[in-house]
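Here are a few quick notes to read alongside the model. Have a look at it first, then we can go through the aromatic rings together.

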Amino acid sequence: MSGTDKDLQCRELIAKAVCGKGHKFSTTTHTIIPSQTPSTILGCWIINTNFQAEKVGDAVEVSGTCDVNLWFSFANNTQTEVKRETVKFSVLVPLTFFDKNCRGDLEIVARAVEQPKCVKAELSGGGTITVKVESEFAVEIIGETKVCVVVCNSCDEKDLHMIGDFEDNSDEFDDFDSATMLDELD
């Protein structure tokens, strides 16, 4: 074993890392009952979306509320009104991976890849309107995990002169394979 190999050691570091991820596209249907019997639907839009996320078993539940604004005509299309109704939603996002060795307090981060939006609103009879809403959420679970790194105990200034010798246009590292480097350390 050369002198350089003796100076290499492995150390465990504790770091915050993404320990789990998931993604889900969902469709939900809500029934809106306006005060007047609608003749025609003139428009529908979703605003004021608020949500939170929590880990539930092997998934993350994203739940919240949004306001459905429904513009419709009534009285044989002679008058219009906007019905605003706050609806609740809940989406169970499965995790595509989760590191069970993750420790500490887990931080659940959810973001709307596609904000809830109305894709269809139709008269459903009896004075009710059915609103179809699509949304897409991505979640991450962040926690503490161990990372094993190779460290060198004998670094001194004479080894650091290489830093200035690197050229930006060099193709020297194009075929770098970290797996072969780890094999060489054994």
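Which residues do ring pairs link into a cluster?

1. The cluster consists of F51, F89 and F137. Keep in mind that this is a predicted model, where local features need pLDDT of at least 70, side-chain atom pairs count only at pLDDT 80 or more, and totals for chains use all residues. Numbering starts from 1 along each chain as its sequence is written, and side-chain values use heavy atoms, without hydrogens and water.

2. Searching the whole structure turns up 3 aromatic pairs (Phe, Tyr or Trp rings, the six-membered one for Trp, with centres within 6.5 Å; planes under 30 degrees apart are stacked, over 60 edge-to-face, the rest tilted). F51 and F137 are edge-to-face, because their planes sit at 75°, with ring centres 5.1 Å apart. F51 belongs to strand β2 (residues 38–56) and F137 to strand β6 (residues 128–152), so this pair ties together parts 86 residues apart in sequence. Strands here are DSSP runs of E, at least two residues long.

3. Now for burial (buried is under 20% relative accessible area, exposed over 50%, partly exposed in between, with a 1.4 Å probe and protein chains only). F137 is buried at 0%, whereas F51 is partly exposed at 25%.

4. F72 and F74 make a tilted pair, 6.0 Å centre to centre with 45° between the planes. Both F72 and F74 are buried.

5. For the chain as a whole, buried residues account for 25% of the 186 residues.

Conventions: Helices (H or I, at least four residues) and strands (E, at least two) are DSSP runs, numbered from the N terminus.
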